[in-house]
Amino acid sequence: HACDTATDHALHLGLRAGARVLVCSPCCHKELRPQVATPGVLAPLLRHGVFRFTSYPEAWTAAQESNRPILVYATAPNCPHCVRMINETFAASPVKRLATDSFETVYVDRADQPELAAKLKIRYFPTTIVVAPNNQVLDVIEGYVDAATLNQRLKTSFAAHESATRK
């Protein structure tokens with residue numbers, strides 16, 4: 001990870017320069033972030049404003065009741081492209097509106113749910129998967145995509161779901 005490398009480099013330079021004192025601080029996202037706890041009940045609501053669930057079974061149950069497809073966003077710790085996709089792609093108004101209005105949304109962190117990530121056969125992060133309420137995979141989007149691309153892919157997946165449910 002970049003900050004680990006930068007820290008190692010800075011320590012090495014300090015030692016080579018013969019510094020009498022080296023002051024170090026932990027990397028905030030690796031050391032401090034895990035210590036900051038969000039109350040469990042509020043976690044899905046506060047996480048990103050898009051994802052309603054952190055449990056696939058809960059999202060699936062909601063999909064059975066609403067007949068809406070499930071939008072699974074799979075991320076991994078220390079993944080800069082995952083963070084970028086949350087901050088840029090999912091934050092864009094058209095994507096956020098479409099995701100929250102038309103899908104049951106679930107956020108899957110590989111560190112918290114490694115079994116689910118493996119079961120979904122996720123190879124790259126981030127990965128976005130659209131699953132029909134009958135568990136048929138409608139789309140798999142591997143890697144970062146911009147808001148326009150994701151919005152179009154979600155519209156296409158939703159249209160496929162709508163078409164299949166009318167038959």
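These legends describe close-up views of a predicted model of one protein chain.

**Figure 1. The elements of the chain in order.** The protein chain holds eight helices and four strands. Read from the N terminus, the elements run α-α-α-α-β-α-α-β-α-β-β-α. The protein chain has 167 residues, and buried residues make up 36% of them.

**Figure 2. The open sheet of four strands.** The strands stand in the order β2-β1-β3-β4. Their pairing is mixed. Which strands stand at the edges? They are β2 and β4. Each has a single partner strand, so one side of each is left without a neighbour in the sheet. Direction ignored, neighbouring strands of this sheet are turned by 15° against each other on average. In a regular strand, side chains alternate between the two faces of the sheet.

**Figure 3. Strand β1 beside strand β3.** Strand β1 covers residues 70–75. It pairs with β3 in the antiparallel sense. Five bridges join β1 and β3. Look for Y73, which stands opposite T128 in β3. Y73 also belongs to a cluster of rings, shown in Figure 6.

Figure 4. Strand β3 spans residues 127–131, and strand β4 spans residues 137–142. The two pair in the antiparallel sense over five bridges. Across this pairing, I129 stands opposite V140 in β4. How many residues lie between the strands of the hairpin? There are five. N135 is found in this loop between β3 and β4. Its phi is positive, near 75°, although N135 is a residue other than glycine.

**Figure 5. The loop between α7 and β3.** Helix α7 covers residues 114–119, and P126 is found in the loop between this helix and β3. The peptide bond from F125 to P126 is cis. Its omega is near -5°. K121 lies in this loop between α7 and β3 too. K121 is not a glycine, yet its phi is positive, at about 60°. Is K121 buried or exposed? K121 is exposed, because its relative accessible area is 68%, and the cut-off for exposed is over 50%.

**Figure 6. Aromatic rings in a cluster.** A search of the whole structure finds six aromatic pairs. Ring pairs link four residues into a cluster: F51, Y73, F90 and Y107. A pair of aromatic rings is described by the distance of the centres and the angle of the planes.

**Figure 7. The ring pair of F103 and F158.** F103 and F158 form an aromatic pair. Their ring centres are 5.9 Å apart. The angle between the planes is 65°. That makes the pair edge-to-face, because planes over 60 degrees apart count as such. Where do the two residues lie? F103 is in the loop between α6 (93–102) and β2 (104–109), and F158 is in helix α8 (residues 147–166). The pair links distant parts of the chain, 55 residues apart. F103 is buried, because its relative accessible area is 1%. F158 counts as partly exposed, because its relative accessibility is 21%. The cut-off for buried is under 20%.

**Figure 8. Helices α6 and α8 packed together.** The axes of α6 and α8 are 9 Å apart. The helices pack at an angle of about 25°. Therefore α6 is roughly parallel to α8, because angles under 35 degrees count as such. The crossing of α6 past α8 is left-handed.

**Figure 9. A charge over a ring.** This view shows R84 and Y144. The charged end of R84 sits over the ring of Y144. It lies 4.0 Å from the ring centre.

**Figure 10. V50 and F90.** V50 has its place in the loop between α3 (43–46) and α4 (56–66). V50 counts as buried, because its relative accessibility is 5%. How far apart are V50 and F90 in sequence and in space? In sequence, V50 and F90 are 40 residues apart. In space, they are 7.2 Å apart, C-alpha to C-alpha. F90 is also one of the residues in the ring cluster of Figure 6.

Definitions and conventions: Residues numbered from 1 in each chain as written. Predicted model: local features only at pLDDT ≥ 70, side-chain atom pairs only at ≥ 80, totals over all residues. Heavy atoms only, no water. Phe/Tyr/Trp six-rings, centres within 6.5 Å; stacked < 30°, edge-to-face > 60°. Buried < 20%, exposed > 50% of the residue type's maximum accessible area, 1.4 Å probe, protein only. Lys NZ or Arg CZ within 6 Å of the ring centre and 35° of its normal. Pairing = 2+ DSSP bridges. Axes fitted to C-alpha atoms, helices over the stretch in contact; angles between N-to-C directions. Parallel < 35°, antiparallel > 145°, perpendicular 65-115°, else oblique. Left-handed = near helix turned anticlockwise from the far one by under 90°.
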